[in-house]
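Thanks, everyone, for making the time this morning.

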Amino acid sequence: MPGNFAPFEAKMRADGLSDAAVAAFKNAYDALTSGATGMIPESELTPASGVPKLVDVEAPEADAQLLAKTVVLKLNGGLGTSMGLDYAKSLLKVKGADTFLDLTAKQIMQMRDDLQTNVKFVLMNSFATSADTMAFFKEKYPTLYADPNLEFVQNKVPKIRRDTFEPALWPTKPSVEWCPPGHGDLYAALLGSGTLDAMLASGSKYLFVSNSDNLGATLDPKLLSYFAQSKAPFMMECCERTANDKKGGHLASRDGQLILREAAQCPDEDEDQFQDISKHRYFNTNNLWIDLEALKAIMSQHGGVVPLPMIKNKKTVDPKDDSSTPVFQLETAMGAAIEC
């Protein structure tokens, strides 16, 4: 199978992307060109079981010392294009005049008051959402905006021609040659931006991650304490699937190891079983707890990457032109780190 990564690296370097971004994309590209499909067939899986319930968690609430070591991170890279918006989805009004970001900012400030601790707060924006988001915080929440570490920006990756495995070119609209790498880019963006090292240098150890449009995802001091006591490198908050969740990714076990299977990783012939909520009962809420020291260690062990499984999407280079060059868009899911 063809495959020459050098043109991709040159393209990414020319656009100022970091070593970590290049290494993460190379990991996915090498999987693609080695013949990996990214598919996880049902025959390899058994349903996840024995997932602990939050109501059964026994741990004291986190104290001020533990909270001081914790960072709350919101994923804020998505545009509201599916809702007819050309700006960050989190700037959509959801309650009166309040947007997702209004309510998130108020939650953070209230949490700081309630816990009497200045819990750190960070946004992972994208190239498409950074300007609007930072302007919003500057105008409405200057105290939060004043933090020089309020944001870092996720990466972008080149689209790949399906026929030659070379970078896709579209000179009339060069911006469409790039695509987002999925929220699995969290790890490369943390490392490549210097944010991971800065967090560790400031004494942070625990990271709580959630989507910016999930207003129910707030830091639970009891769950933080439970995670810290567990000494686990990674923890995922899950919910039981309902009929409304059947098309979303689910937890499963493969060779005794918990994994996350997304819809794009399910072969067509297994779709009915993928959507069987009585069999695969748990979905990933994308609320993750990460030990930053463990994250740094695993990335150092693997050449600066978290070795996440590749997800392959078939698209056209210009998403608004079905006759444009057929491409692959490679992405990863941050929750897949459960198997790393």
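This is a predicted model: local features need pLDDT of at least 70, side-chain atom pairs count only at pLDDT 80 or more; totals for chains, interfaces and linings use all residues.

Let me start with helix H1, residues 6–14, and helix H2, residues 19–33, whose axes come within 10 Å and cross at roughly 155°; the axes here are lines fitted to C-alpha atoms over the stretch in contact, with angles running from 0 to 180 degrees between N-to-C directions. Because angles over 145 degrees count as roughly antiparallel, H1 is roughly antiparallel to H2. Helices are DSSP runs of H or I with at least four residues, strands are E runs of at least two, and both are numbered from the N terminus.

Residues are numbered from 1 along each chain as its sequence is written, and side-chain values use heavy atoms, with hydrogens and water left out.

Which residues meet between the two helices? Phe8, Glu9, Met12 and Arg13 in H1 meet Asp19, Ala21, Val22, Phe25 and Tyr29 in H2, contact meaning heavy atoms within 4.5 Å. By class, that contact has 6 nonpolar, no polar and 3 charged residues, where Ala, Val, Leu, Ile, Met, Phe, Trp, Tyr, Cys and Pro count as nonpolar, Asp, Glu, Lys and Arg as charged, and the others, Gly among them, as polar.

A cavity is a set of points on a 1 Å grid over the protein atoms alone where a 1.4 Å probe fits but cannot get out, whereas a pocket is an open set with protein on both sides within 12 Å along at least five of seven lines, and lining residues have an atom within 4 Å of a point. The largest cavity has a volume of about 210 Å³, the volume being the space filled by probe spheres set on points joined across faces, edges and corners. Of its 20 lining residues, Ala24, Phe25, Gly184, Asp185 and Thr332 lie nearest the centre.

How values were computed
Angles under 35 degrees count as roughly parallel, over 145 as roughly antiparallel, 65 to 115 as roughly perpendicular and the rest as oblique.
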